[in-house]
Amino acid sequence: MPNLPPKLQEIVDDFASMTREDKIETLIAYAESFPPLPDWLMEERDKMEPVPECMTPVRLFGEKQSDGGVVFHFDIPPQSPTVRGLAAILANGLNGLKPEEILTVPTDFFTPMKLEEAITHQRINGFMGVLAHMKHAAVNLISNK
Amino acid sequence: MSYVHPEYLVDTEWVAAHLNDANVRIIESDEDPLLYPIGHIPGAAQVDWFSTLQHPLRRDFLTREKFEEVASNLGITNDTTVVFYGDKSNWFACYALWLFQYYGHQNVRILNGGRLKWEQEKRELVKDVPSFAKSSYKAKEADKSIRAFRDEVLKQSNSKKPLVDVRSPKEYSGELISMPNYPQEGATRGGHIPGAVSIPWAQAVNEADSTFKTPDELRALYEGKGIKSDGEVIAYCRIGERSSLTWFVLKYLLGYQNVKNYDGSWTEWGNLVDAPIEK
């Protein structure tokens with residue numbers, strides 16, 4: 001398995017050693033740290049990419065920084081803390097990376113996290129959906145440059 | 001016209017007045033299980049449709065013995081009034097209620113409007129998780145009259161009796177099935193059970209505050225599609241959760257005598273060898 005980006009690897013290792021209760025606590029902490037959508041995107045929600053795999057309405061946007069890194073913004077309702085928590089994990093693990101680096105993250109990178117102890121398969125599917133759309137946004141950033 | 005069994009609904013006012021009633025247990029059952037730890041109705045307990053109510057190994061519900069254990073740990077006695085509420089217009093609250101009825105607990109209610117209405121009215125939400133003195137709950141034999149299995153569903157379809165597909169229109173038409181990378185819960189085929197009519201579950205609730213639509217609106221919705229109160233009706237969705245809300249509406253709000261929830265739903269039917277499918 002190729003090495004994960006360091007920040008993401010750290011999150012994966014943390015989760016791997018947690019009890020079910022700790023996983024839930026940590027997901028809540030991620031959900032509660034979920035940043036609001038920046039004002040400039042609030043008015044341009046149409047530009048954001050929908051993630052239809054989630055049962056919750058989820059949209060995301062990859063913003064390219066001057067150094068070439070990508071920062072992801074998410075629009076997820078507060079009524080869906082689990083999805084917010086999972087998106088925050090991905091944002092924490094991947095923000096700042098170059099689009100090419102984002103594409104190297106394996107689809108099943110989260111297997112060692114044993115998320116199924118805390119959340120259902122449906123959620124994990126949504127999580128994979130979010131990652132797939134982040135990669136899609138990264139591909140668009142590469143082809144638009 | 002009123003609901004046929006209005007006693008199965010309570011409103012937020014009623015719940016607020018019964019927060020300290022020892023004969024009432026309030027239970028939150030959500031699609032998103034993190035909502036409860038972030039804040040819930042004071043004194044409410046949580047059940048999770050998956051980790052609390054499902055069999056740990058098989059695709060099935062808890063056994064009767066395990067259900068007794070869950071109910072006892074919640075301090076529920078056979079006389080307790082159990083009120084369910086949750087997110088997403090109470091769809092998982094109805095699922096939990098259905099399971100309680102499956103094991104014979106008759107004294108159940110849905111908080112009309114669920115979590116959303118409680119929040120909209122700015123009522124108190126707390127993080128404290130209550131603990132209850134353990135009771136010794138006795139469940140009844142599983143009530144198969146509210147649960148349909150696949151052979152029965154096939155018979156229902158073959159004899160052209162009413163089936164309600166409560167999934168989204170795209171799932172019904174077969175446009176949406178399993179997506180790439182979704183092996184755990186996809187179905188290998190798309191479409192619907194032959195003869196089933198499409199009445200998406202959410203049409204039974206008001207989007208603005210998650211309350212149920214009026215009796216007249218509900219009657220028009222189901223009767224308009226040929227789902228009448230005489231004879232048996234089977235409702236299904238993808239895993240049986242959305243259809244438990246439809247089951248609740250038909251059985252208690254409209255008073256249909258014979259309604260079953262097919263919890264195998266599309267994730268069983270769409271994978272079943274030799275099962276007929278319509279598109």
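Student: Which residue in strand 4 of chain B is the bridge partner of B:Ile27, and what makes two strands count as paired?

Tutor: The bridge partner of B:Ile27 is B:Phe84. Two strands pair if DSSP finds at least two bridges between them. Strand 2 and strand 4 (residues 81-85) of chain B are joined by five bridges, so they meet that rule. Their direction is parallel. This is a predicted model, in which local features need pLDDT of at least 70 and side-chain atom pairs count only at pLDDT 80 or more, while totals for chains, interfaces and linings use all residues. Residues are numbered from 1 along each chain as its sequence is written, and chains are lettered from A and ligands numbered from 1 in the order in which they are written.

Student: Why is strand 2 of chain B called largely enclosed?

Tutor: A residue is buried if 20 or more other C-beta atoms, placed from the backbone, lie within 10 Å of its own; it is exposed if there are 12 or fewer, and partly exposed in between. Four of the five residues of strand 2 (residues 24-28) of chain B are buried, so the rest of the structure largely encloses this strand.

Student: How do you know whether B:Arg167 is buried or exposed?

Tutor: B:Arg167 has 22 other C-beta atoms within 10 Å, so this residue is buried. B:Arg167 lies in the loop between strand 6 (163-165) and helix 7 (169-173) of chain B.

Student: What is B:Arg167 in contact with, beyond its neighbours within four places in sequence?

Tutor: Contact means that the C-beta atoms of two residues, placed from the backbone, lie within 7 Å. With those neighbours left aside, the partners of B:Arg167 are B:Tyr172, B:Pro200, B:Cys237, B:Arg238 and B:Trp266.

Student: What makes a group of residues a nonpolar core, and which residues touch the most other members of the largest one?

Tutor: A nonpolar core is a set of buried Ala, Val, Leu, Ile, Met, Phe, Trp, Tyr and Cys residues joined through C-beta atoms within 7 Å. The largest has 72 residues, and B:Phe84 and B:Ala96 touch the most other members. Helix 4 (residues 91-102) of chain B gives the largest share, 11 residues.

Student: What makes chain B as compact as a globular protein of its length?

Tutor: First, the contents: chain B has 10 helices and nine strands. Its radius of gyration is 18 Å, close to the 19 Å that the globule rule gives for 279 residues, so chain B is as compact as a globular protein of that length. The radius is taken over C-alpha atoms, and the rule is 2.2 Å times the number of residues to the power 0.38. In chain B, 46% of the 279 residues count as buried.

Student: How do you know that chain A agrees with a compact globule?

Tutor: With 145 residues, such a globule would have a radius of gyration near 15 Å, and chain A has 15 Å, which agrees. Chain A holds six helices and three strands, in the pattern α-α-α-β-β-β-α-α-α along the sequence. Buried residues make up 35% of its 145 residues.

Student: What makes strand 1 and strand 3 of chain A edge strands?

Tutor: The three strands of chain A form an open, antiparallel sheet in the order 1-2-3. Strand 1 (49-50) and strand 3 (70-75) each pair on one side only, which puts them at the edges. Six bridges join strand 2 (residues 59-64) to strand 3 of chain A, and A:Gly62 has A:Phe72 as its bridge partner in strand 3.
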